[in-house]
Amino acid sequence: QYTIQEAVVQKRLAVNEIKPQLDLDTTTYVKGLRGDNQFAEAYGNQFAEGRPSIAAGLTTSRPVGNRSAKANLRSRELEIAQLQSQYSDTLIKAKADIKSAILTAQATYATTLAAIESTFSSRDEVEGHKVRLDDFFGENQSTSNVLNDLLDAENRLIAAENSWANRQIQHMLALMEIKYQSGTLMTLTAE
């Protein structure tokens with residue numbers, strides 16, 4: 001992955017390409033060297049038969065117009081701008097994902113509270129039907145309607161309790177999503 005820091009270094013190199021260039025050139029020459037591993041004799045011969053020579057010089061270059069280097073610099077500047085834009089877009093997306101996860105968690109919390117209230121209301125309704133059934137048994141009256149109402153109320157209680165459990169699971173998943181999106185979710189692995 002190409003990073004912004006690497007692109008900045010490449011731009012600095014491109015800036016140096018625009019500047020005039022001054023090089024130091026050095027050369028050496030030796031005469032009298034021989035093969036066959038005769039090092040001592042070869043070293044002596046370079047002074048006896050010829051002299052070692054050393055040369056140094058400066059080379060300068062200044063391209064006319066320097067269009068290639070300027071185009072390279074412009075390319076590096078555009079590359080940096082593109083990488084910075086991608087970085088900015090990534091930050092914006094991450095913030096949006098975190099905000100979405102927080103809003104989802106808040107919504108699931110509200111639905112969990114509503115499911116809890118529904119469960120308690122259903123429990124109260126079941127208790128009321130039980131009391132009513134006990135009263136009917138005491139008066140020796142027909143209890144079939146009261147039993148039907150009690151069974152219906154218990155079915156609503158079971159549905160409310162299931163809804164409560166599902167809402168709690170959704171809320172816990174929403175909290176985990178917040179941690180995931182914000183980068184604070186830790187994974188545990190067995191070593």
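Colleague: Which residues does T108 touch, once those up to four places away in sequence are not counted?
Modeller: In this predicted model, T108 touches R167, Q170, H171 and A174, with residues up to four places away in sequence left out. T108 itself has its place in helix α3, residues 67-139, whereas H171 and A174 are among the buried residues of α4.

Colleague: Why does T108 count as buried?
Modeller: The relative accessibility of T108 is 10%, and buried means under 20%, so T108 counts as buried.

Colleague: What makes the pair formed by the side chain of T108 and the backbone oxygen of A105 a polar contact?
Modeller: A polar atom of the T108 side chain lies 2.9 Å from the backbone oxygen of A105, and the cut-off for such a pair is 3.5 Å, so the distance falls within it.

Colleague: How do you know that the span of helix α4 agrees with its number of residues?
Modeller: Helix α4 runs over residues 144-182 and has 39 residues, which at 1.5 Å a residue should span 57 Å; its end C-alpha atoms are 57 Å apart, so the two values agree. After α4 comes G183, with a positive phi near 80°.

Conventions
Residues are numbered from 1 along each chain as its sequence is written. This is a predicted model: local features need pLDDT of at least 70, side-chain atom pairs count only at pLDDT 80 or more; totals for chains, interfaces and linings use all residues. Side-chain values use heavy atoms; hydrogens and water are left out. Helices (H or I, at least four residues) and strands (E, at least two) are DSSP runs, numbered from the N terminus. Buried means under 20% relative accessible area, exposed over 50%, partly exposed in between (1.4 Å probe, protein chains only). A polar contact is a pair of N or O atoms within 3.5 Å; within protein, one must be able to donate a hydrogen and the other to accept it, and residues adjacent in sequence count only if both atoms are side-chain atoms. Contact means heavy atoms within 4.5 Å. The expected span of a helix is 1.5 Å times one less than its number of residues.
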